[in-house]
Amino acid sequence: MKGKETRTHLNREDVLDAAANLVKQHGPAALTMRKLAAELGTAVTSIYWHVGNRESLLDALVERTVADLGEIRPSGATPDRRVVSVARALRRQLRDHPHLVAMVHERGLTERMFLPAQRALVHEVHAAGLRGARAADAVRAVQIHVVGHVLVERNRERAPVQRPGEDELWTAETAERDAALARALAGPLDPEALFTTSVRALVAGLLGPGG
């Protein structure tokens with residue numbers, strides 16, 4: 001049972017893993033040294049030995065979050081596909097670690113956090129033949145698209161139940177007699193599919209001849 005046994009083979013990574021899991025599930029406020037020790041089945045003094053005090057622990061979590069976001073690796077046979085892969089991976093990282101990302105932001109490390117993804121994007125837009133201000137615009141447009149999409153997703157998830165909902169609002173009449181459009185807009189939203197569609201269109205426009 002947690003909190004009743006003492007772990008003898010605890011290391012710093014074990015502590016950070018458990019702390020990150022607590023933050024991911026319940027937010028930074030839930031991370032106390034006592035609760036973390038109970039989660040690991042060890043004494044509070046052991047936590048201090050491995051990571052220092054709570055502020056030091058939070059700093060270490062922030063540093064690890066920044067490092068994790070730096071592990072994004074492009075995939076795909078062409079620059080546009082690789083840019084889309086970076087955007088999708090960045091979205092997943094932001095979606096999977098909202099509390100940790102918020103902690104990074106609060107400590108003024110947001111720009112550093114995004115730098116590895118931006119550098120991956122720079123490499124790919126260079127491969128597509130873009131340089132200078134046009135390349136910078138492409139990198140920033142993709143990053144802001146990702147962040148904006150994630151914020152909208154989270155706002156939708158936390159919004160109260162809508163009455164009337166989309167299933168009631170969209171009819172053939174409101175959709176200009178396009179019944180198929182009405183059915184699609186009245187149905188459930190697939191955020192990942194919509195993100196992929198939108199970022200592909202964005203990237204095609206940015207990297208294309210008239211971008």
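**Reading the packing of helices and domains**

Analyst: Buried means under 20% relative accessible area, exposed over 50%, and partly exposed in between (1.4 Å probe, protein chains only). The model is predicted, so local features need pLDDT of at least 70 and side-chain atom pairs count only at pLDDT 80 or more, while totals for chains, interfaces and linings use all residues. Residues are numbered from 1 along each chain as its sequence is written, and side-chain values use heavy atoms, with hydrogens and water left out.

User: Where is Leu16 found, and which residues is Leu16 in contact with, leaving aside its neighbours within four places in sequence?

Analyst: Contact means heavy atoms within 4.5 Å. Helices are DSSP runs (H or I, at least four residues), numbered from the N terminus. Leu16 belongs to helix α1. With neighbours within four places in sequence set aside, Leu16 is in contact with Val51, Leu57, Ala60, Leu61 and Arg64.

User: At what angle do the axes of α1 and α3 cross?

Analyst: Axes are lines fitted to C-alpha atoms, for helices over the stretch in contact, and angles run from 0 to 180 degrees between N-to-C directions. Helix α1 (residues 12-26) and helix α3 (residues 44-51) have axes that come within 9 Å and cross at roughly 110°. Angles of 65 to 115 degrees count as roughly perpendicular, so α1 and α3 are roughly perpendicular to each other. Arg12, Val15 and Leu16 in α1 meet Ile47, His50 and Val51 in α3. This contact of α1 with α3 has four nonpolar, one polar and one charged residues. Here Ala, Val, Leu, Ile, Met, Phe, Trp, Tyr, Cys and Pro count as nonpolar, Asp, Glu, Lys and Arg as charged, and the others, Gly among them, as polar.

User: How do α4 and α6 pack, and how many Å apart are their axes?

Analyst: Helix α4 (residues 54-69) packs on helix α6 (residues 98-106) at an angle of about 105°, with the axes 9 Å apart. The two helices, α4 and α6, are therefore roughly perpendicular to each other. Leu58, Leu61, Val62, Thr65 and Val66 in α4 meet Leu100, Val101, Met103 and Val104 in α6. By class, the contact of α4 with α6 has eight nonpolar, one polar and no charged residues.

User: How many residues does the largest nonpolar core have?

Analyst: In soluble globular proteins, nonpolar side chains tend to be buried together. A nonpolar core is a set of buried Ala, Val, Leu, Ile, Met, Phe, Trp, Tyr and Cys residues joined through side-chain atoms within 4.5 Å. The largest one has 53 residues, and those with the most contacts inside it include Val15, Ile47, Leu57 and Leu61. At least three residues of this core come from each of domain 1 (1-52) and domain 2 (73-207). Domain bounds come from an automatic or database domain assignment.

User: How many Å apart do the C-alpha centres of the two domains lie?

Analyst: The C-alpha centres of domain 1 and domain 2 lie 34 Å apart. Six residues of domain 1 are in contact with four residues of domain 2.

User: Which peptide bond is cis?

Analyst: The bond from Arg163 to Pro164 is cis, with omega near 0°. Pro164 sits in the loop between α8 (132-158) and α9 (166-169).

User: What is the phi of Glu176, and is Glu176 buried or exposed?

Analyst: Glu176 has a positive phi of about 55°, although it is not a glycine. Glu176 lies in the loop between α9 and α10 (179-186) and is exposed, at a relative accessible area of 74%. Arg177 lies in the loop between α9 and α10, with a positive phi near 70°.

Terms used
Angles under 35 degrees count as roughly parallel, over 145 as roughly antiparallel, 65 to 115 as roughly perpendicular and the rest as oblique.
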